Amino acid sequence: MYTQDPTTESLAKQVKELSRKVAALEVARNKPTQLDRNLDNQSRDILQQEMSERALDIVWNDYFYLYEIFNSLDGWADNDTDANVLVSVSASRLFIETSASGAVGYAHKKITFQNTLSFNEESRFGSSFDIGSGLSVAQTIDNVQMYLGTGVQMTGGSDNILQDGLAASSHYGFYIDESTMYGVASDGTNYTQLALVTGIRHFDLFFVEARHYPGTKVTFYVSEPTSSISTIEPKPLIERGSISTTLPSGRRYSFAEASLKSLSSGTRNTDIGFFEIAQRITRL
């Protein structure tokens with residue numbers, strides 16, 4: 001008759017108990033840590049102090065952020081001196097108008113002496129706009145091009161991307177050609193565009209956002225249109241697609257660029273409500 005060695009039986013029990021403890025540790029490690037909200041006053045004070053000290057470091061060391069609502073054109077370059085172009089600020093919006101075939105109006109803002117803006121860090125760009133063309137509200141816009149984006153460095157001497165070309169510099173943003181809106185990304189040599197919205201009508205107001213993940217993609221978000229001449233209804237952003245080729249890299253030169261071009265005679269104009277830019281940064 002076989003009888004198990006007491007030593008062997010003891011070892012088996014120990015192995016089983018250790019296995020149970022290891023499994024329990026694995027469960028505990030994978031379980032999200034929950035902070036007890038019933039803290040005593042001293043613990044709350046310590047936690048608040050630690051958070052206050054860390055908050056400035058997070059804001060200063062980790063993020064760049066700019067929100068522009070156009071109280072004036074101070075700090076913006078534009079070509080309002082062109083007889084066929086009007087660039088102005090009214091009611092906290094940027095207004096660009098062109099009145100001749102081939103005329104381009106633009107406004108852009110960039111800084112030269114800075115070591116913060118870079119396409120090598122994750123960033124986001126947002127804005128709102130409409131386009132008017134002298135048509136009735138029910139009609140689609142035509143004979144117009146427009147660009148809204150970030151990072152443009154002018155290389156062709158015209159100081160606006162619609163004349164220099166969408167591949168003229170590293171950038172990403174939104175491009176409107178006739179009544180179609182595209183997402184666009186350029187590496188400074190080539191560019192890629194992706195159709196996002198078609199059938200844009202006179203005075204359709206859109207909210208747009210682009211999110212850049214370096215070396216991976218730019219994802220584009222566009223709201224459904226609302227009427228810019230009536231009470232603005234909140235419209236959620238909808239993901240419309242991504243571009244993963246010809247992505248920008250290296251230094252980012254401009255906060256934002258807006259250009260509008262007429263493709264025929266007659267007036268074309270745009271109202272831009274705001275520019276919003278955020279970027280992760282790495283300070284040495």
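**Close-up views of a predicted model**

**View 1. Met146 pairs with Leu260.** The bridge partner of Met146 in β15 is Leu260. The model shown here and in the other views is predicted. Strand β7 covers residues 144-150. Six bridges join β7 to β15, and the two strands run antiparallel.

**View 2. β15 belongs to an open sheet of seven strands.** The strand order is β2-β5-β15-β7-β8-β9-β10. Pairing in this sheet is antiparallel. The edge strands are β2 (77-78) and β10 (191-197), each of which pairs on one side only. In the sheet order, β15 sits between β5 and β7.

**View 3. Ser262 is a buried residue of β15.** Strand β15 spans residues 254-262, and Ser262 lies in this strand. The relative accessible area of Ser262 is 0%. Ser262 therefore counts as buried, since the cut-off is under 20%.

**View 4. Tyr65, Tyr67 and Ile69 form a nonpolar surface patch.** Together these three residues have about 310 Å² of accessible area. Ile69 lies in the loop between β1 (63-68) and β2. The relative accessibility of Ile69 is 36%.

Note on methods:
Residues numbered from 1 in each chain as written. Predicted model: local features only at pLDDT ≥ 70, side-chain atom pairs only at ≥ 80, totals over all residues. Heavy atoms only, no water. Helix = DSSP H or I, 4+ residues; strand = E, 2+ residues; numbered from the N terminus. Buried < 20%, exposed > 50% of the residue type's maximum accessible area, 1.4 Å probe, protein only. Pairing = 2+ DSSP bridges. Patch = residues over 30% accessible without salt bridge, like charges linked within 9 Å, V, L, I, M, F, W, Y side chains within 5 Å. Areas by Shrake-Rupley, 256 points an atom, 1.4 Å probe, with all protein chains shown as cover. Salt bridge = Lys/Arg side-chain N within 4 Å of Asp/Glu carboxyl O.
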